[in-house]
Amino acid sequence: MKRIVTGALALALLATAAPALADIKIGAVVSETGPASSLGDPEAKTIRMMVEELNAKGGIKGEKAKLVLYDDGGDPSKAKTFATRLVEDDGVVAMVGGTTTGTSLAILAVAEESKVPFISLAGAIEIIDPVKPFTFKTPHTDRMACQKIFDDMKARGLTKIGLISGTDGFGASMRAQCIAVAKTSGIEIVADETYGPKDADMTPQLTNIRNKPGIQAVLNTGFGQGPATITRNYAQLGITLPLYQSHGVASNAFIELSGAKNAEGVRLPGTALLVGELLDPKDPQKPVVLAYKASFEKAANAPVSTFGGYAHDAMRILTEALNKAPSAKPAAIRDAIESTNGLVGTTGTYNYSKTDHLGLDLSAFRMLEISNGGWKLVK
């Protein structure tokens, strides 16, 4: 006798045959290509690697994480379009990315309007100040970089400086922050020059700075190709004043673009990631830094970079939040991110709160100096 399957029974059978859990969709928008690719490429590689590792360990509460990643090429308009697509079409529960200040500001506009949590990988302070309900970030702010640099300058007796800045979002923001910080830091800015993102020669601006009476050091606020060009021009002009760069170029790629000989002695604030082997064995960041470095370099067959580290920390923060949130709803995830406390990353130890969506203090910055084609800690 044939068995008759009723409609209700058929639905029950289908329900037991179907997967019990759905994938958790995580969105990312980074500048994998374009002028900021030296930052965005290691970010993209890190995000993909960490999602693969996460799923290999069982995912999130037994659910697989599905990554939807778009390359904005460094274009804020494309970043906003892709962020909108992630929210409206792809149905992601959270977003990571925003390689540059410009792309981050474009993405956060979408995140805040749609109320989907977003962890930025860019440096400008305006990303998280004032605090926005659904936006967080992992890199130190440009204001903190100014403070760290000026502290080092004063320790060396350098108080009269020349400032040269990129006109891009990051360079302009950090210039404004450094000018503000200088007023209360005992630093006098006696020269103030700028350059465009496509400028290939900064010798006129550097010559103007060098000719200012009493100048003792030079600080460049910028990222991408410009700082490397400045470093080469600086050497070509034979300027011997101490040269400082921003944390926006804290990577081996900057040394390669500048030329190790030209970059010798350049100082900048950076993360523990670039000097992991030099850290004290008791430093809580050391095992985290070395583990990420080993994993990334094996997976990518390329040196680790600060910018990949920002993505690593963002994914760690998001993964922890997804695991402790009571549901995969964006609002619940946002609340879980905001409650992050004592999470040790490659950039520092994060302690978010309702009034602090950066979660780092100045102690997380390390003052680094380029020496013999590599990095050393400035004591």
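Predicted model: local features only at pLDDT ≥ 70, side-chain atom pairs only at ≥ 80, totals over all residues.
1. Basis. Local features need pLDDT of at least 70 and side-chain atom pairs count only at pLDDT 80 or more, while totals for chains, interfaces and linings use all residues. Residues are numbered from 1 along each chain as its sequence is written, and side-chain values use heavy atoms, with hydrogens and water left out.

2. Disulfide. The structure holds one disulfide (a pair of cysteine sulfur atoms within 2.5 Å). C146 is joined to C178, S to S 2.1 Å. C146 lies in helix α5 (residues 142–155) and C178 in helix α6 (residues 169–182), so the bond ties together parts that are 32 residues apart in sequence. Helices are DSSP runs of H or I of at least four residues, strands are E runs of at least two, and both are numbered from the N terminus. The link of C146 and C178 is left-handed, at -90 degrees about the S-S bond. Both cysteines, C146 and C178, are buried (under 20% relative accessible area, 1.4 Å probe, protein chains only).

3. Largest pocket. A pocket is an open set of points on a 1 Å grid over the protein atoms alone, where a 1.4 Å probe fits, with protein on both sides within 12 Å along at least five of seven lines; lining residues have an atom within 4 Å of a point. The largest pocket holds about 410 Å³. Its lining has 22 residues, and P35, A36, D168, P197 and F223 are the closest to its centre. By class, the lining of the largest pocket has eight nonpolar, 11 polar and three charged residues.

4. Second largest pocket. The volume here is about 320 Å³. Of the 14 lining residues, M50, E53, L54, K57 and R316 lie nearest the centre of the second largest pocket. Helix α2 (37–56) is among the elements that supply at least two residues, and α2 gives the most, with five.

5. Aromatic cluster. F136, Y350 and Y352 form one aromatic cluster. Rings of Phe, Tyr and Trp (its six-membered ring) pair if their centres lie within 6.5 Å; planes under 30 degrees apart count as stacked, over 60 as edge-to-face and the rest as tilted. The count comes to six aromatic pairs. One of them, F136 with Y352, is tilted, at 5.2 Å centre to centre and 55 degrees between the planes. F136 is in strand β5 and Y352 in the loop between β12 and β13, 216 residues apart.

Notes
Buried < 20%, exposed > 50% of the residue type's maximum accessible area, 1.4 Å probe, protein only. Points joined across faces, edges and corners; volume = space filled by probe spheres on them. Nonpolar A, V, L, I, M, F, W, Y, C, P; charged D, E, K, R; others polar.
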